[in-house]
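Trainee: I would like to learn how to read disulfides in a model. Can you take me through them?

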Amino acid sequence: MEIFVILLFTLIGEGFSASGSCPPVCVCKWKGGKQTVECTDRSLILFPEDIDPETQVLDMSGNNIQVLTNDNFVKNNLLNLQRLYLRSCKLGQIDDRALRGLTNLVELDLSYNMLTSIPSATFKDVPYLRDLILSNNPIQKIEPHAFMTLPGLVKLDLSNCKLYTISPKAFEGVQLLESLKLNGNDLQEIRPRTVEALSRLHGVELHENPWYCDCHLRAVKIWLTDNNIPYPIAPRCNGGPDRILGKSFSELSLDDFACRPEIRLDSRQVEATTGDNATIVCRVESIPEASVSWFFNGRLLLNNSAFSSYQRVYIMENGTFDKRSTLIVTNAQESDSGDFYCIAENRAGNAEANYTVHVSYRMAGMASLGSGQIAGLSAALVALILFILLIILVLLIRLRRVPFSESKTPGGGTVEVVPNGTVSQKPATPVTVESSTFVERKEVTVGPVARELIQAESPSDAPNPDLINDTREDPRPGSGEYVRNSDGWEEGYIGDRTPIVEDYPPDYGLPIPGGPPIPSAKTLRVWQRGVPVLPPVNALKRVLTRNSPDEGYQEGCGTDV
């Protein structure tokens with residue numbers, strides 16, 4: 001029976017060789033139940049023609065192909081391939097669509113070639129690929145999502161390349177990966193997120209790499225331990241602390257993969273006030289977690305211990321890999337000023353930082369206030385000063401805007417009341433209007449009662465400031481004052497410029513029936529320069545409106561200009 005089976009397979013193989021199309025430089029046979037064509041070590045630069053389209057396995061190893069062009073297998077009608085071996089073909093370039101049409105391909109061997117990067121774009125045409133061999137290529141790094149288009153990948157061989165870095169996202173999308181070979185490269189570390197997704201691995205090879213065993217390799221140790229991933233040859237530490245050099249991963253515990261702690265200093269100076277608490281913060285970064293100790297003058301400080309007979313020490317810690325250790329000394333005194341030391345230590349070593357504490361006496365007033373209170377008071381003071389300045393500015397603007405006509409003495413002169421009750425105004429200086437200086441006369445007439453009131457209010461020795469003096473010299477030499485008689489105005493001369501007042505019967509200024517029009521009151525003449533302006537009516541009105549027998553009469557005839 002066994003002889004019959006052997007003869008049957010021999011006849012089938014001979015039949016395939018005889019009846020099928022097989023290039024003369026190749027060997028065509030059945031191997032492992034697959035129709036196989038072997039064209040190895042023939043120095044071929046192109047794929048041979050006339051290969052049977054039903055070929056399932058094609059081995060072109062040991063040739064000089066160099067470039068795998070687009071649609072290479074479509075042109076040769078080799079769309080039924082399941083396994084393709086292109087080992088040692090001096091391949092340096094694979095076009096993006098070189099594998100188009102090979103939808104049944106499950107195994108691809110590209111080892112011992114000249115590829116400098118992973119041809120990730122090429123893999124999108126072989127979505128069912130399970131085994132990929134890229135070993136012994138000068139590939140230096142694996143980019144993110146390098147195998148994303150191969151969700152069914154089970155075996156990946158990247159051994160003996162020149163890999164020195166692997167992206168944290170390099171293996172995303174290949175959750176079914178069971179075998180990974182990374183041995184014989186230049187890897188010193190694997191970043192934490194790189195291998196987290198590879199939870200189904202049944203074997204990994206990491207030996208013959210210059211591993212630097214510190215905290216950056218801690219994730220690999222956790223990954224191997226938690227997933228119980230076997231490795232036939234244990235990787236060894238080629239760098240790191242002296243205590244672990246040459247040791248294998250299996251000999252080291254998790255905490256041996258550690259980095260020396262680092263202390264972050266915001267400030268070394270700490271200020272405190274007598275009677276308050278002195279607080280010092282030490283921030284430590286370390287993997288694994290570091291233990292933190294505090295010292296003062298060579299003395300170890302413990303949590304909730306006595307610092308002196310009236311002081312205590314409290315130590316509080318938060319975080320693990322980024323730890324925050326806080327030291328509090330209660331009721332700080334000036335004698336507590338000095339250097340406090342924070343020392344962080346783990347298996348990789350230790351780090352030390354000193355903090356200088358200065359305790360000052362509490363001062364009265366502003367010195368006893370906190371920085372926030374001082375800032376608030378300063379802001380309030382500035383606001384008050386600005387408010388006062390604003391008020392002063394408004395007052396100045398209003399004073400500058402007072403109109404000239406509101407002045408009680410429009411001409412800027414002085415006011416005086418002469419003994420006979422006449423009010424006059426004396427301008428200060430001449431005013432030139434339209435290139436000429438002129439003098440204009442105003443008259444104000446009041447009744448006898450009003451005159452008596454004016455005289456009573458303004459005695460001759462105390463001039464009334466509401467009235468107007470006239471001490472200016474006559475602009476026309478030799479001319480006298482103007483006096484009024486029944487015929488009109490005529491000129492007379494009064495040396496002291498006192499208005500001429502004639503005596504009239506006590507008729508309170510009422511006209512004589514049938515007689516000529518005569519003045520019914522004293523004549524008040526005002527000398528003024530510039531634009532004609534009435535005398536200060538407010539002062540006269542204040543006098544005229546007092547309780548007087550002739551109050552009603554004077555209201556309508558107080559002035560006569």
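Trainee: Which cysteine does a disulfide join to cysteine 215?

Mentor: A disulfide is a covalent bond between the sulfur atoms of two cysteines. Here the cut-off is a pair of cysteine sulfur atoms within 2.5 Å. Cysteine 215 is joined to cysteine 259, S to S 1.7 Å. This is a predicted model: local features need pLDDT of at least 70, side-chain atom pairs count only at pLDDT 80 or more, and totals for chains, interfaces and linings use all residues. Residues are numbered from 1 along each chain as its sequence is written, and side-chain values use heavy atoms, with hydrogens and water left out.

Trainee: Is the disulfide of cysteine 215 and cysteine 259 left-handed or right-handed, and why?

Mentor: The torsion about its S-S bond is about -80°, so it is left-handed. The pair links distant parts of the chain, 44 residues apart.

Trainee: Are cysteine 215 and cysteine 259 buried or exposed?

Mentor: Buried means under 20% relative accessible area, exposed over 50%, partly exposed in between (1.4 Å probe, protein chains only). Both cysteine 215 and cysteine 259 are buried.

Trainee: How many disulfides does the structure hold?

Mentor: Five. Among them is the link of cysteine 282 and cysteine 342, with sulfur atoms 2.1 Å apart. Its S-S torsion is -75°, left-handed. Cysteine 282 sits in strand β18 (residues 278–285) and cysteine 342 in strand β24 (residues 338–346), 60 residues apart. Strands (E, at least two residues) and helices (H or I, at least four) are DSSP runs, numbered from the N terminus. Cysteine 282 is buried at 0% relative accessible area.
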